[in-house]
Structure formats: C-alpha cells, structure tokens
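Please look over the structure below. A short report follows, starting from a single position and then widening to the chain.

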Amino acid sequence: MFKNRKTANLIASPYFAWALVFILVPLAMILWYGFTDDAGHLTAANVASIAQPEHWKSLVLALELAVISTIVCFLLAYPLGMILAKNKMSSSGIITTIFILPMWMNFLLRTFSWMTLLENHGVINGLLSLLRLPTISVINTPSAIVIGMVYNFLPFMIMPIYNSLAKIDDNVINAARDLGANAVQTFLRVTLPLTIPGIISGVTMVFIPALTTFAISTMLGGSKILLIGNVIEQEFTLTYDWHLGSGLSVVLMVFIVINMIVSALTENKDEQ
Amino acid sequence: MEKELITLSHICKSYNGQMILDDLNLVIHENEFVTLLGPSGCGKTTTLRIIGGFEIPDSGQVIFDGQDITNLVPNKRQLNTVFQKYALFTHMDIADNIAFGLRIKNKTDQYIRDKISYALKLVNLEGYEHRMPDSLSGGQQQRIAIARAIVNEPKVLLLDEPLGALDLKLRQDMQYELIRLKKELGITFLYVTHDQEEALTMSDHIVVMNQGYIQQEGSPEDIYNEPENAFVADFIGDSNIISATMIRDELVRILGIEWPCVDKGFGNEQPVDVVIRPEDVELVPRGQGRLPGVVSHIIFKGVHYEMEVQAGGFEWLVHSTKEFPEGTEVDIRVDPFNIQVMNRPASEDEQAIGVEDV
C-alpha cells in the first residue's frame, strides 16, 4: 500500500507511541505494583492473596456469572442471527437498529434503568401487583447481575454471529440438503461449524467484559455481592492498596489471556 | 427412445407477481444429456431448482421416475446438484466433502473410502483427499463438487452453470470432461447454461428457453440448422434473420427477389421470417448470383473472414474463407436448403418472445 517501509513506519509511529504510553506503560505499572509491596520489595503475596476465601469466592462467582451470561447471550443471539441473516435484504436493517439502539445510551444509564425496573417496588413489580400477580425479588441477586450483563453485552454476541451467518452462501446450505442432510443435520454439520469463528469472537467479546465488570454488579447486585471486579475496584478506591488491587488484576489477566489463546488457537485451526 | 425419467407438467412459478415460468411442460428421458439454454432471467435456473426441490412451483407437477415429487424436500430426492460457484464445505477437507452424503446415509467406512478414491480418480484429482477446498483452483473445486455429487449414485445430475466461473480454456477442457463423465456414469445430466457453444458441444437434447417459455426443443443439429423462430435463430449462433414472404411451397420472396427453398406448408403469400447462417451465404462475382451487393466491412477471425455486405437494403453477415476487400461488388447466392423459413409471430404477445430487431 505504501511505497516503502519507511513511509509506513512514519505513518504508524503515532499509533506505536499511543500503544506505548497508554497500553504498555500501564500494563508494566500493574505488573510492577502487583509484584511489589509498599517498601518496593518484590513479593508474590499480592497475587497469592487470591487464595484468601473472600477473594477466591468473588473470583469463582465472577467466573460463574460471566459463563452463564455468555451462554445466555449465545442462546439468544444465535437464533436472532439466523433470522437476520435469512432476511438479508428486507427487515434486517430495522431489527439491527433496534438491537444496536440501546448502545447509543450511556452504559451506566442503561444499567441504572434496570435498577428501577427490577427494584422490589420498581416498575416490573408495580405492574405485577397491578395485575394481582405475585411479585418477584430479583434486585441484589446474582440473577439481576446476569440480566444486566446479558442486556449490555448481547449486541457484541449478535454482530459477529450474524456476520458469519450472512457470509454463508445459500447454495452451501442447499448443497447439504441436496446431499441428503435434513434440516437438523445441515445445521449441526454445516451451519454451526462454519460460524465457529463468529461464535468465538462473540464469546470473547461478551466473556471478558462480563468477567471484569464492577459497575453492573455494584448497581444490580447491591453491596453484598462482590465480584472480583468489585474487589479490585475497592482496593483502588476505598482501601488505597494499589499493590493488592494490581496483584488481583494480574490473576484476572491470566484468565483473559487463557481465553484469548484458546480463541486464537481455534481460529488458526479453522484457517488451515 | 429411453424411458421418461422426469416429467414437468403445467409448471407455473412467479416471484413478487412476476411470472418466471408459465405453464412449462418438459420431459427428460433416461441417460440423456439435456441442456436448458437461454438468456438470464429466462427461467432455466428456476426450472432446475424446482427439480432439485429448492423451489416449490405455484402450480403444476414434477414427476420423477413415476412418482409425484412436487412437494418433496430436497434431501429425499434421488438426484444431486452441482452448484454454480461450487458451494463446497470450506470447513472440511476434500475427503470429508465427498463423504458428506455417504456419511448421512450411514455407509461403512470401507465403502466410503472406496467411493472417495473412485470419485477422485474419475475427476482426475487422485491424492487430493486431505487438501482444503480453498487451496484448490476453480476448476479443481468444480471437479470436487461433481465428485461430491456423483458418489451418491444419483439417477440425475443437475448442473447449474457449473463452468460459468472458469476461464475460457478451462471451460473448454471441462466440456470434454463432462461428456466423458456422462458416458462413464451412464446417468442423466440436466445442464443449465446461457452459453450456446457449451450447449451445442455437450448436449444430446437442447431446450431453448426465453421469458418462461420453451422456444424450441431438439438435438443440437435441429436447433442450429432449423430454428423454429427468430429468437432461437438469433440466440444460437450468428444469423441473418430477414422478413420475407412465402409465395408458395418451395418459393420465397426475400428482399424483393424470389428464391427457391425447400420448405413447404406455410400457405401462399404468407409473411414469414427466414434465417440464413453467415457460413451459408456465398459471395460470387457480380452477375453470377441472385442478389447484388457491396462488401462494407471485413475482419479476419482466424478460421474465416467475417464480412458485412450491403445488399437489397439489408446488412448481411457473411463468413467465408475467401477474402473480399471492402468495396468489392459481389452477388449473393444461397443454396435452397440453407434457407430456413420460420413462422412469423402472429400476436404481439408472441412478438415479445422473439427478438426485437428483426
């Protein structure tokens, strides 16, 4: 594209600078804080503190909720993606807009509105009691957090799955039917395998923010349910123990890196 | 004649209020190479998709081997399709692609292995079992698509413009390949194309379609030598299509001059169209032919010269191995059996079927 490497490097240099200042330096700082104590001595205690029961519990809970949210997002997004891909020409623009529209609103505002919906005397229970139905108590439970995560992250699952479904040539599906496969066999042997790259990027894009969130759990989980994100946030903003917070962040990063390695491996295998 | 394998009767199909097929009737016999030939939008692909089960006709019946399969799902039909642009499964290697249909039918591993090597041998791609489709050229992918279809031993192989995406040389090679495959397999091929040369080269039987109607059916020789209307004459090869009047049997008035011909039964003083192939127009020195004219244009085409000759107010297209420079005064001579007389479309509706610039 560019005449020579020099020009290309020159044009890329602001991005390198950006990456250095805003990505690599903070990362290095997290690692530094994570593996040192107040006196500046190297220590593994911050990272090891994940083994403390309350930290371990919050990590396990965060993993559980992130996995559940990812699965729910996948189960909702796949059928919708199929519907969208089938109507390539006509209504898909409108449906897509409907699902993307909430993203125009501020993330915190969106989550806050779920608070008012789910509260014990909130909108949903108000409607239920108006209809003389039993009310529900969802707010401040893990379920409320999952609802918030699914609502906020669903578009990130829909888009890559829709894109990979839309790329499949109709005749590839027809060919499977032609060769004797019924609708279920066609889906399992052709459609689903062909959309694995889309599923992987959808899963990554939902799982990582769900695992690290603290805003959703703070607003919808009350103060009693602590996810690992909340613990880290509190170390930085309440107890001012940056070393411990960074140490726990490093642990969380390990899970994210594992997730990304798995995706990269599956995608490479797919390309071969 | 072999026995009837597929019968389409009174098939109608329209999309969004636009008629694609209008009361189509077609019989395909066993062990024939049949080509549906026509311009895009003529309904040929829709016909193929109705036989394959990917479209359900609005009305009419599809009979396959004596059974009504009009509403049968594609996976229950004893035929296989080779799609335009191959439609291979890109997430599987070649062996898995070919084995797809056999695995669905729960064939044994040994049977599947034998079939894969037989099919790859048949399409001259031995040793490609573990390649991925994306690493193959277009021509190779098309062969795999054929192999994937034929291992299922269909009674009919449907081919939807399978050579459309290939370059000219490869297309010509694949034509011979398909003829050979057809002979070796001994099954019916139903082939869809807009390329008249492909149709003439490969087919036992050609069905020329336009605007949802069958214009003419017959052997390649019939279609080429005796087109029934101006559309067929114009679509199949180059031709001179001229309005004329049938004076009586075996005598026709073309451009004001009487020509002997061999056609009969059109009545007396009846308006007709005649078609004369460019290679059948003979140019002779002035005074020796029937119609005087002047060569207005000449280009060299390799095998022959292509000339335009102004004669009798008509621009004749002439193919000849003899060269007549521009401006040469010549006479035109046509042997009586080379003048093909066709019925002139009577109504405006029929007119629409034919070519406009007659």
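## Leu317(B) and its strand

Leu317(B) sits in strand 18 of chain B, which covers residues 314-320. This is a predicted model.

A buried residue would need 20 or more, and an exposed one 12 or fewer.

## Contacts and a distance

Which residues does Leu317(B) touch, beyond its neighbours within four places in sequence? Its contacts there are Asp238(B), Asn240(B), Pro278(B) and Glu308(B).

Arg171(B) is 146 residues away from Leu317(B) along the chain. The C-alpha atoms of the two are separated by 28 Å.

## Domains of chain B

The domain assignment divides chain B into domain 1 (4-225), domain 2 (239-277 + 336-358) and domain 3 (282-333).

How far apart are the C-alpha centres of domain 1 of chain B and domain 3 of chain B? They lie 43 Å apart.

## Chain B as a whole

Chain B has nine helices and 20 strands. Its C-alpha trace spans about 75 × 45 × 40 Å along the principal axes.

Chain B has 358 residues, and 41% of them count as buried. Take the contacts in chain B between residues at least 6 apart in sequence: 67% of these join residues at least 24 apart.

Notes: Residues numbered from 1 in each chain as written. Chains lettered and ligands numbered in written order. Predicted model: local features only at pLDDT ≥ 70, side-chain atom pairs only at ≥ 80, totals over all residues. Helix = DSSP H or I, 4+ residues; strand = E, 2+ residues; numbered from the N terminus. Buried ≥ 20, exposed ≤ 12 C-beta atoms within 10 Å, placed from the backbone. Contact = placed C-beta atoms within 7 Å. Domains from an automatic or database assignment.
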